[in-house]
Structure formats: structure tokens, C-alpha cells
Amino acid sequence: MTASAGIPVKQIEAGLSSDFSKKYSLTTTTKTKIPKGKKGQFQVRSVYKYYKVTMVQWMAMDGKRKKTGKKKTVTVKKKTSLENRVLLRAC
């Protein structure tokens, strides 16, 4: 008996996003003196780290698991930190 199954990339991405979507919070602080006669604007941006993940397809039949030999490499983007800065402007 021969069986094969394909996994669409969208389903792989959906599975990955559920594994990496644990809730967490990121905080950032900065301390800057703003000179008299100037205004400051606080800016924050997210910093991401990229991971390459190799997915291996398995098939389960009659309670037994077996590798199908199909592999898919995807890139996962995860927010790791925040960066901040203060821009000074003249009034």
C-alpha cells in the first residue's frame, strides 16, 4: 500500500504561527535631556530576529508514525526587542 500527502505552504505557516505566538510584552526606556528652546520626539521601533526552520512531514496510519521524506524550509520572523531614540527639533 502506498500513500502520499502534500501540505500546502499556507498550512505550514499557520502551524508555525500558532507555535510562536505565545503572549509576551516588551518594554523600553530612555533618558535624554532636552535643551531649552528645543522639542523632542520619542520614536520606537520593533526589532525582529529571523529563524530558518525545516519542517519534516510525518504520516500516521494505524497508530504508527513514519516519515514521508518530504521537507520544507520556511523563515520565521519573531519580535525580540524594541529600540528607541529621541529626535531633537528647534521650536
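Okay, quick definition before anything else: a residue is buried under 20% relative accessible area, exposed over 50%, and partly exposed in between. Keep that in your heads, because glutamate 83, with a relative accessible area of 40%, falls in the partly exposed class.

One caveat: what you're looking at is a predicted model.

So, the overall layout. We've got one helix and two strands in the chain, and from the N terminus on they run α-β-β. How much of the chain is buried? Buried residues make up 7% of the 91 residues. The accessible surface comes to about 8100 Å², and carbon and sulfur atoms account for 51% of that. On contacts, if you take those between residues at least 6 apart in sequence, 72% of them join residues at least 24 apart.

Now the strands. S1 covers residues 38-61, and it pairs with S2 in the antiparallel sense, over 23 bridges. To pick out one spot in that pairing, tyrosine 51 has valine 76 in S2 as its bridge partner.

Okay, the turn. S1 and S2 form a hairpin, with two residues between them. Aspartate 62 sits in that loop between S1 and S2. What's the phi of aspartate 62? Positive, about 55 degrees, although the residue is not a glycine. For context, most residues other than glycine have a negative phi. And is aspartate 62 buried or exposed? Its relative accessibility is 76%, so aspartate 62 counts as exposed.

Back to glutamate 83. What does its side chain meet? The side chain of arginine 45, in a salt bridge, at 2.9 Å from N to O. That pair links distant parts of the chain: arginine 45 is in strand S1, glutamate 83 is in strand S2, and they're 38 residues apart. If you're wondering how many salt bridges the structure holds, the count is one.

Last stop, lysine 70. Where is it? In strand S2, which spans residues 64-90. Lysine 70 comes out at 39% relative accessibility, so this one counts as partly exposed. There's also a distance to note here: the C-alpha atoms of lysine 70 and methionine 55 are separated by 8.4 Å, and those two residues are 15 apart along the chain.

To recap: an α-β-β chain, with S1 and S2 in a hairpin, and a salt bridge between glutamate 83 and arginine 45. That's me done, over to you.

Key: Residues numbered from 1 in each chain as written. Predicted model: local features only at pLDDT ≥ 70, side-chain atom pairs only at ≥ 80, totals over all residues. Heavy atoms only, no water. Helix = DSSP H or I, 4+ residues; strand = E, 2+ residues; numbered from the N terminus. Buried < 20%, exposed > 50% of the residue type's maximum accessible area, 1.4 Å probe, protein only. Contact = heavy atoms within 4.5 Å. Areas by Shrake-Rupley, 256 points an atom, 1.4 Å probe, with all protein chains shown as cover. Pairing = 2+ DSSP bridges. Salt bridge = Lys/Arg side-chain N within 4 Å of Asp/Glu carboxyl O.
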